[in-house]
Amino acid sequence: MMNNKLIVLGAGWLGNALAHSAKSCGWSVQATRRQADVSEDIQAFCVTDTKLHHSLTLSDAYWVCAIPPRMRQSDSQYLETLTCALEAAKSMQGKGFLLCSSTAVYGTEAGTYDEHSPLAAQDSKRQQILQNAEQMVLAQQGKVIRLAGLVGPGREPGRFIAGKHLSSSSNATVNMVHQQDVVEGIMCILTNWHTAQSIYNLCHPSHPTKQQYYQNHCEAYGSELPNFASDEVVSRVIDGAAITELGFQYRNMI
């Protein structure tokens, strides 16, 4: 029978939603931030001077790392935290470790990218961190979920791009996924852990152009349209269909 315990590292915008959803499904959940917060039932999980400090107590749990790598950190800080997390999960008899990564691991060239597509050359700091993190988790028999652009509560596209000059093309395709679909996708992988593959993309199957997408959202939100650097046709599509083989369905519009 499935073990219904979950540790969520990083109770931020995504991790907090995951923790609440798992609790509503009857799971025992512990979620973390850098500092504990009793009022929100948040545990501490922080690495200082290469030493891990935490207040987690759930053994035999599944672990989900929803900590986003922040580029203002030192190169090693995120990977150092992940290393400590993998070690902690092992010492607490973790059932499995799932890393929330990004579809940014793929190249920016036109084409369709699925889980078997080659990764981009590590030309940037972000590429290096994301790919190194994935390799660390996969080497420990963990799994990776690569997330497309995130939308959902508090992340309305019509608000955050209003009136901006975007460096992309108006005719580039959109690769987005809703917060709730990510939460349900993660839960689907956890509940099918032993039959699930090692890596999944999570991206809504709809891929309008950025011009179409942002125009619709700005009109609905009543905000100013953005402008684009070019009108070049760029069809870069993230294929997120593989996870549907586990019975998952994309339900939320982007």
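This briefing describes the sheet, the helices packed on it, and selected residues and salt bridges of the structure above.

The structure is a predicted model, in which local features need pLDDT of at least 70 and side-chain atom pairs count only at pLDDT 80 or more, while totals for chains, interfaces and linings use all residues. Residues are numbered from 1 along each chain as its sequence is written, and side-chain values use heavy atoms, with hydrogens and water left out. Helices (H or I, at least four residues) and strands (E, at least two) are DSSP runs, numbered from the N terminus. An open sheet of 8 strands has mixed pairing, and helix 2 and helix 3 each lie across several of its strands.

**Sheet**

- The strand order in the open sheet is 4-3-2-1-5-6-8-12, where two strands pair if DSSP finds at least two bridges between them.
- Strand 4 (51–54) and strand 12 (199–202) are the edge strands; each has a single partner strand, so one side of each lacks a neighbour in the sheet.
- From one strand to the next, the twist averages 20°.
- Strand 1 (residues 5–9) pairs with strand 5 (residues 62–65) in the parallel sense over 4 bridges, and L9 has C65 of strand 5 as its bridge partner.
- Strand pairing of this kind, parallel or antiparallel, is made through backbone hydrogen bonds.

**Strand 6**

- Strand 6 and strand 5 run parallel and are joined by 4 bridges; W63 stands opposite F97 of strand 6.
- Strand 6 also pairs with strand 8, in the parallel sense over 5 bridges, and the bridge partner of L98 in strand 8 is K143.

**Helices 2 and 3**

- Helix 2 (residues 77–91) lies across strand 1, strand 3 (42–48), strand 4, strand 5 and strand 6 (96–102), at about 160° to strand 6.
- Helix 3 (residues 125–139) lies across strand 6, strand 8 (143–147) and strand 12, and also runs at about 160° to strand 6.
- Axes are lines fitted to C-alpha atoms, for helices over the stretch in contact, and angles run from 0 to 180 degrees between N-to-C directions.
- The axes of helix 2 and helix 3 come within 10 Å and cross at roughly 10°.
- Helix 2 and helix 3 are therefore roughly parallel to each other, a class for angles under 35 degrees, with over 145 counting as roughly antiparallel, 65 to 115 as roughly perpendicular and the rest as oblique.
- Their contact (heavy atoms within 4.5 Å) involves Y78, L79, L82, T83 and L86 of helix 2 and I129, N132, A133, M136 and V137 of helix 3.

**Salt bridges**

- A salt bridge is a side-chain nitrogen of Lys or Arg within 4 Å of a carboxyl oxygen of Asp or Glu; by this rule the count is 4.
- K23 and D41 form one of them, with the closest N and O atoms 3.5 Å apart.
- K23 lies in helix 1 (residues 13–24) and D41 in the loop between strand 2 (28–33) and strand 3, so the pair ties together parts 18 residues apart in sequence.
- K23 is partly exposed at 36% relative accessibility, and D41 is partly exposed at 41%.
- R146 and E134 meet in a salt bridge at 2.7 Å, N to O, and both residues are buried.
- E184 and R251 meet at 3.6 Å, N to O; E184 is partly exposed at 26% relative accessibility, whereas R251 is exposed at 57%.

- K210, in helix 6 (residues 210–221), is buried yet has no salt bridge, and the nearest side chain of opposite charge, E232, is 12 Å away.
- For charge, Lys and Arg count as positive and Asp and Glu as negative; His and the chain ends are not counted.
- Not counting residues up to four places away in sequence, K210 touches residues including S168, A172, Q215 and F228.
- A110, in the loop between strand 6 and strand 7 (111–113), is exposed, with a relative accessible area of 55%.
- The C-alpha atoms of A110 and A172 are separated by 9.1 Å, although the residues are 62 apart along the chain.

Key:
Buried means under 20% relative accessible area, exposed over 50%, partly exposed in between (1.4 Å probe, protein chains only).
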